[in-house]
Amino acid sequence: MLRLATTVEIQQLRTFLAVARAGSITRAAAELRLSQPAVSAQVKALEDTLELALFERTARGMQLTPEGERLRTTAERAVDAHHEVLSAAARIRGMPSGVLRLGLGANSNASVAGRLVSALGERYPAIELRLTEGDSSTVIAELLAGRLDAGFFNAEADVDARMHCEEVARFGLRLVAPAGFGELQWETMAATPWILPPADSSCGQAARALLERHAIEPVRIVEVDRESATRTLVAAGAGVGVLHDYTAEDARARGEVEVLLEVGHTLRVLLGCLDARREEPALDALRSLARALPPQRHCVAAPTPDER
C-alpha cells in the first residue's frame with residue numbers, strides 16, 4: 001500500500017480515466033492537450049506500478065480489461081478527492097485553483113474571450129485552463145454533458161434553463177458583397193451564390209429568415225461554419241454572405257467587401273456554465289471577471305438602402 005501511495009501520480013489516474021472514457025489514445029490526448037506518446041507513457045507507467053494490465057489494445061481502440069474496469073470507480077474517487085483537496089486549499093488561501101475546461105465558440109467575439117482569458121491568467125494563476133474550440137451548438141452540448149466547465153457561445157433567444165449565462169458582448173449582422181458589387185437589387189439576388197452559416201446556428205437562422213422575407217431562393221448556397229472563411233470567400237468574389245457587424249466594418253474599411261444592409265438581428269455572446277455549478281470557486285472567479293467587463297455592443301451603421 002505504501003508503494004502505491006508514493007508512486008501512483010494523480011496525472012496518471014487522470015490519463016487512465018480519459019483513455020477509458022475516450023476508448024482511444026488519440027482522443028484522450030486531444031482531451032488532455034498532451035501528445036499521444038505522453039499519454040501512452042503514462043498509461044504504461046501506471047500499469048507497471050500497479051502490476052496490472054488496465055487496457056486491451058484492439059483494432060477498435062483501447063478497451064478496459066476486467067481489472068481496469070474494477071479500478072475505474074476507485075480512480076474516479078481518487079481524482080475527485082484530489083480536486084476537493086485543491087479546492088479546499090484554494091478557498092483557505094482565497095485563491096481558486098484546479099483545471100477549468102473552457103469552450104470557445106469559433107464564431108463568437110474572439111477579442112472579448114481573449115481579454116477574459118488573459119485576465120483570468122493574471123488574476124488567478126493557480127487555475128489551469130484547457131481550451132476547446134467548436135461552434136456554439138457544440139459548446140452548449142458539451143456544457144450540458146459535463147465535458148466542459150464553461151464556454152463562450154452566440155445566442156439570439158433564451159438558452160437551456162439548466163444554464164447560467166453572463167452576457168459579454170452583443171452584435172448585429174450585415175449582408176456583404178465583393179467590392180465593386182454595386183447597389184442591392186433583390187430581383188437579381190437569387191442568381192447570386194450565397195455563403196451562409198449552418199442552418200442550425202443563430203447566424204444561419206437569421207440569414208435564412210432574410211431570404212424568406214424577400215422570397216429569395218438562391219441558385220446556390222455554400223454553407224460555411226467559420227466567419228473568417230465567409231469573409232475570405234466574399235472578398236474573393238465567390239458570392240454574398242453574412243458577417244458580424246464589426247467584422248463587416250473592418251472588411252469594408254480594408255476594401256475587401258461592400259456592406260449591402262443590416263440583416264436586422266441582434267445576437268448576444270454569452271459566457272455560460274451549468275447553473276448548479278456556478279458557485280464553484282474557479283467558475284465563480286471567471287463569472288466575476290466577466291461581470292467586470294462592460295458588455296460590448298457593436299452598432300456599426302450600414303450605408304445601405306432600407307429593406308422594404
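Me: In strand β9 (residues 240–244), how many residues are buried?
Reply: The model is predicted, so local features need pLDDT of at least 70 and side-chain atom pairs count only at pLDDT 80 or more, while totals for chains, interfaces and linings use all residues. Residues are numbered from 1 along each chain as its sequence is written, and side-chain values use heavy atoms, with hydrogens and water left out. Strands are DSSP runs of E with at least two residues, helices are runs of H or I with at least four, and both are numbered from the N terminus; buried means under 20% relative accessible area, exposed over 50%, and partly exposed in between (1.4 Å probe, protein chains only). Strand β9 is mostly covered, and the number of its residues that are buried is five of five.

Me: Which residues of β9 point the other way from Val240, Val242 and His244?
Reply: In a regular strand the side chains alternate between the two faces of the sheet. Val240, Val242 and His244 point one way from β9, and all the residues named on either side are buried; those pointing the other way are Gly241 and Leu243.

Me: Which residue stands opposite Val242 of β9?
Reply: Two strands pair if DSSP finds at least two bridges between them. β6 and β9 pair in the antiparallel sense over four bridges. Opposite Val242 in β9 stands Leu175.

Me: In β9, what is the bridge partner of Trp194?
Reply: Strand β7 (residues 194–196) pairs with β9 in the parallel sense over two bridges. For Trp194, the bridge partner in β9 is Val240.

Me: How many residues apart in sequence are the parts that the pair of Phe171 and Tyr246 ties together?
Reply: Rings of Phe, Tyr and Trp (its six-membered ring) pair if their centres lie within 6.5 Å; planes under 30 degrees apart count as stacked, over 60 as edge-to-face and the rest as tilted. Phe171 and Tyr246 form an edge-to-face pair, with 6.1 Å centre to centre and 80° between the planes. Phe171 lies in strand β6 (residues 163–178) and Tyr246 in helix α10 (residues 245–253), so the parts tied together are separated in sequence by 75 residues.

Me: With which side chain does the side chain of Thr247 make a polar contact?
Reply: Thr247 belongs to helix α10 and is buried, at a relative accessible area of 11%. A polar contact is a pair of N or O atoms within 3.5 Å; within protein, one must be able to donate a hydrogen and the other to accept it, and residues adjacent in sequence count only if both atoms are side-chain atoms. At 3.2 Å, the partner side chain is that of Glu227.
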